[in-house]
Amino acid sequence: MYNFQYYVPTRVVFGKAAEEETGKQVKAQNGTKVLIHYGGGSVVRSGLLDRIKKSLDEEQIAYVELGGVMPNPRLSLVYQGIDLAKKEGVDFILAVGGGSTIDSAKAIAYGVANEGDVWELFEHTKTANACLPIGVVLTIAAAGSETSSDSVITKEEGNAKRAYGSEYARPKFAIMNPELTMTLPDYQTACGCTDILMHTMERYFTNGGNMEITDSIAEGLMRTVIKNAKILHDHPQDYDARAEVMWSGSLSHNDLTGCGNDGGDFSSHMLEHEMGGMYDVAHGAGLAAIWGSWARYVYQDCLPRFQRFAVNVMGVLAEGSDEETALKGIEAMEDFYRSIDMPTSFGELGITPTEEELKELAHKCSIACGGSQGSAKVLYEEDMLAIYKMAAR
């Protein structure tokens, strides 16, 4: 195993009516004027935004609003948020939504607290030295951004999708009421479950030191998400299943399932980021569409992990060779994706990239990764292109 540091300072307020605690949590962080950042009209139509405002009013905390966050959150809206926050003297950012909203809020918080163009952080030509405090009222269980240090933003010019992370951006609190996820479309719920699984798998499939306790936590989390994703596919109003998935989302991406390994692989995420940037596909669906091709390309270089995954997570009987077992595990995972109506190829995702587009995807991915990416197998541009081509067949 490798040495590690584990630091997750986010306070979690979990359960029914948890959003009523928003004002008290902001006040505890000494927030005096809040930028409420959210996406579309669902938080308005559901009454959630009004409940949050009421809780802020009760604590005599001022606020301004900025809606309009889209999936694959845009840099242009981040710039608007930075300008608004500076103009209004905001000292706290409150994200109301899922991963896209939280990521956008983090980027705004960076932009207010640091000089220069915030996009420089995402291009890794500059390092953050501060960040406005951030709180979250979570409405989508998926990205884990409510307790993570990471943010992903899309720059419209050039369709560049880039990630940046620092401990400055860890949310101060995350309010998590599983009931708030019950209005999600089934497709979005399935996308979220896929993203949660991917955050865990990309810390699991590594060629580095591992800890038995970390592996056991990761395997239990994956089994739990798979079980409850199937329940939600048929019974979307099941509160307990919603709660299991929501808490799993946070645990999957707060680094717990990577303690003691080499930091994780994350190639599937990097491959999908370019797909999201070029085609604006739903993140979870894009991950499902690329994962099987990635897995078949790399499994021989990480065979013990894939064999263990097949047996301990997917319930494959360890009959035949380790390679046969590993391949059955990959097939079982793809069968699961299909069972919750997730795609397993570009065609099922609804995109038909040209040869030139595939080359562009691979080239951009290579640039975003600094030339190479991976732990299960280190991938270079030619490998990335091969995986994209496999997914496009």
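Is Met 1 buried or exposed? Met 1 is exposed, because its relative accessible area is 57%, where exposed means over 50%, buried under 20% and partly exposed in between, with a 1.4 Å probe and protein chains only.

Before going on, some notes on the model. This is a predicted model, in which local features need pLDDT of at least 70, side-chain atom pairs count only at pLDDT 80 or more, and totals for chains, interfaces and linings use all residues. Residues are numbered from 1 along each chain as its sequence is written, and side-chain values use heavy atoms, with hydrogens and water left out.

Back to the start of the chain. Met 1 lies in the segment before strand E1, residues 11-14; helices (H or I, at least four residues) and strands (E, at least two) are DSSP runs, numbered from the N terminus.

Leaving aside neighbours within four places in sequence, Phe 306 is in contact (heavy atoms within 4.5 Å) with residues including Trp 291, Trp 294 and Ile 330.

Next, charges. The whole structure has 21 salt bridges, each being a side-chain nitrogen of Lys or Arg within 4 Å of a carboxyl oxygen of Asp or Glu. Arg 296 forms one with Glu 334, the closest N and O atoms being 2.8 Å apart. Arg 296 lies in helix H11 and Glu 334 in helix H13, so the pair ties together parts that are 38 residues apart in sequence. Arg 296 is partly exposed, at 32% relative accessible area, whereas Glu 334 is buried, at 7%.

Glu 65 and Lys 53 form another, with 2.5 Å between the closest N and O atoms. Since Glu 65 lies in strand E3 and Lys 53 in helix H3, this bridge ties together parts that are 12 residues apart in sequence.

Lastly, a network of salt bridges links Glu 212, Asp 215, Glu 219, Arg 305 and Arg 308.
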